[in-house]
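Try each task before you read its solution.

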Amino acid sequence: MIISALLTAVGLNLLFTVLLFALYSILRKQPGNLSIYVPRLLASDGGTQTRAHFNIDNILPSVGWVRAAWQPSEEDLLASSGLDGVVFMRIFVFCLRVFSVAGILGILVLVPVNYLGDQLNNIDFSDLPNKSIDLFSISNVDDGSNRLWFHFSAAYVITAFVCYLLYNEYRYLSTKRLAHFMTSKPMPHHFTILVRGIPVRGGASISSTVERFFMDYYPSTYLSHVVVRQTSKLRHLINDAENAYRRLTHLKSIPRATQNGGSSAGTGGFLGLFRKKDPVILYTKKLEDLEENVRLHQSEVNMAGEEIPAAFVCFKSRFGAASCINMPQSDNPTEWVTEPAPEPRDVYWPFFSTSFMQRWISKFIVFVASIFLIIIFLLVAAFIQGLTYLEQLEIWLPFLKNILEIAVVSQLITGYLPSLLLHLLSSQIPPLMKLFSTMQGFIANSDIEKSACGKMLWFTIWSVFFANVLTGSVTSQLQIFLDPKNIPALLAVVVPGQASFFIAYVVTSWTSVSSELTQTMALLSHIFSCPCSRKESNGKINVPSISYHSEIPRILLFSLLGLTYFILAPIILPFILVYFCIGYIIYRNQLLFVYTPKYDTGGRFWPIVHNTTIFSLVLMHIIVIGIFGLKKLPLASSLILPLPILTLLFNEYCNKRFLPVFRAYSAEALIKKDREGENNPEMMDFYEKLVTAYHDPALMPLRRSFTSNDRHSPLLS
């Protein structure tokens, strides 16, 4: 019955996936005037062309986009999406390699060993759809059977193979990061640091204090500085002005039937009386007032009284900036605190105005809110998990008993509905985690996303994996981990029992990752806000960027499921392998033709991937130790004990060997790069641009574009 429900879920998701692939293939071939949220794709395909005649090819699906996504090299991907895009795709490459080998071992060796266990009296291959998934898991192997040594050997083989691939990937990406730095053009954030906690004494301004300090201690390398100013109110005014300008351009783009000889002074009314004001005139006046308020507030902000004790300090060399970061600048560690500056486009300006105490309070509030969110989600997940058991569902909802007796309905509810609901709920969490990270006071969007990625990762592992494995109340789940000795035995009992649920969860993910092609949510948003979509009549589209904080944890969750169930229920491996195959080609297409990077961390997401994979391996080892204990094979449990220790030692070695490369560039690399630019005449132009690179965009001058005949010019200069 369980396998029959899974087959129903597989069939539904295959149908949805094929339909989404076909829809995307059709949309990709449409003329450029079709409004679909794939701007880089339309641009690359020459989306401005139109066809006056009917062409059957435009409504037939094709796989040409697969070839277009497959052919570009890694260098093309690097040029298109930066090193972060390369690292993201290397996650798929790594997982494909791991689960290709794991799938071969699991399906060809472990599944037959499990199914042909001695506990089966009669093997009826014709009745496989009605068999329990447990018949294909390690639970079907007799206690103390010598067949368990196949599983023991597989644990060592897959651990060695995963560690080998992790080492190679860490080495390759660290080399790639250094090579990318050595071949890159001069970047402002390599020459700039952020200084906070600037002490002001004797009535001096913050700007003069910064200049005097760095001229005294760094006279040969100091170039200039930009003091951060309080611009929160100014940003609200600019946002209001931008909204008014967009509304105005939208109104001007709408044909209006004038009355009374084409008079534009007003509209409507009776015999020229009681006319309503023309909305174009109203919004023009509103925009004039807002622009004037913006200019007045900008002049006020430029006064010294609006300065914040923080500044971007620019140096003449990369080594000069790095040396200033890596040593304390004052005997008081709370003063002249230095940190690397983000890219100018990566700066998140609102939180510069927060004090140290405000940031500390924000972190505490976020910590409490995150725990509260996990508890709520655990309660919801426990209810969803109950849907997989018809008996429990009939107790909760007795009036549905007759409906649940229908075979198709019961299969859909037990095999498809729980995983679908969990996916829908999980999709609402990433925006909340990003909001929590924003509240913590980070001054770079990349830091916000990295922090949100960490929160999402642990939330996903706990709320999706453990919440469904350790069913019950939150208190009972926490009590489980208060007695570490019982953890392996407990996990060995409860984890195999949820194999069918996680197989359905992986299968349901085929549809969610396929919907990435058509940008389903963005497309629906575009359809429902169609009038507003024409507010920017210049034809420019806000090109999206990939959300690493939501996509990376989801990929790593499937990696964790594959590794933990490799020994227990290897039948899950083909479904996970299909997910990574679909995801590889889809996200490669998106990174090349749809998304554009808003920042580049230089591949700093990879250490998160490495550490999570190590955690998955150790979790697998703990479960296997418990399994062999329950299966009355204590020798195998004892021989597995060195495996998690060796894995953690391997992780420590990799962190010592490669992690420093991802944290900062070496003095050797910085000095070599500085020497290359000593005789470069373009460096003088770069220094001139560096002086203004970190000016707050809110202080840039406005341009009164609404009074010109060109309605397409931007509000901000």
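pLDDT is the predictor's confidence in each residue, on a scale from 0 to 100. You need it from the start, since this is a predicted model: local features are taken at pLDDT of at least 70 and side-chain atom pairs at pLDDT 80 or more, while totals for chains, interfaces and linings use all residues. Residues are numbered from 1 along each chain as its sequence is written, and side-chain values use heavy atoms, leaving out hydrogens and water.

**Exercise 1. Find out how far the model can be trusted, and where to be careful.**

Step one: take the average. The protein has a mean pLDDT of 77, and 72% of the residues score at least 70.

Step three: decide what to do with them. Where pLDDT is low, the predicted coordinates should not be read in detail.

**Exercise 2. Sum up the whole protein in a few numbers.**

Start with secondary structure: there are 29 helices and six strands. These are DSSP runs numbered from the N terminus, with helices (H or I) of at least four residues and strands (E) of at least two.

Next comes burial. Of the 717 residues, 48% are buried. The classes go by relative accessible area with a 1.4 Å probe, protein chains only: buried is under 20%, exposed is over 50%, and partly exposed is in between.

Finally, among contacts with a separation of 6 or more, 84% link residues 24 or more positions apart.

**Exercise 3. Work out the strand order of the sheet and say which strands sit at its edges.**

First, the order: four strands make an open, antiparallel sheet that reads E2-E5-E1-E6. Strands count as paired if DSSP finds at least two bridges between them.

Second, the edges. E2 (222-229) and E6 (337-340) each have a single partner strand, so one side of each has no neighbour in the sheet. On average, neighbouring strands are turned by 30 degrees against each other, direction ignored.

Third, go through the pairs:

- E2 and E5 share six bridges, with Val227 opposite Ala311.
- E1 (192-196) and E5 (307-315) share five bridges; Thr192 is partnered by Cys314, and Leu194 stands opposite Phe312.
- E1 and E6 share four bridges, and Arg196 faces Val337 across that pair.

Fourth, check the cover. Five of the five residues of E1 are buried, so the strand is largely enclosed by the rest of the structure. Thr192, Leu194 and Arg196 are buried on one side, Ile193 and Val195 on the other. In E2, seven of the eight residues are buried.

**Exercise 4. Locate the nonpolar cores.**

Begin with the rule: a core is a set of buried Ala, Val, Leu, Ile, Met, Phe, Trp, Tyr and Cys residues joined through side-chain atoms within 4.5 Å.

The largest such core has 123 residues, and Phe88, Phe465, Tyr565, Phe580 and Trp606 touch the most other members. Helix H4 (residues 74-115) gives the largest share, 19 residues. Apart from this core lies another, of 16 residues, including Ile193, Val227, Cys324 and Trp336.

Beyond four places in sequence, the contacts of Phe465 include Phe502, Leu557, Leu561, Tyr565 and Leu619.

Terms used
Axes are lines fitted to C-alpha atoms, for helices over the stretch in contact, and angles run from 0 to 180 degrees between N-to-C directions. Contact means heavy atoms within 4.5 Å.
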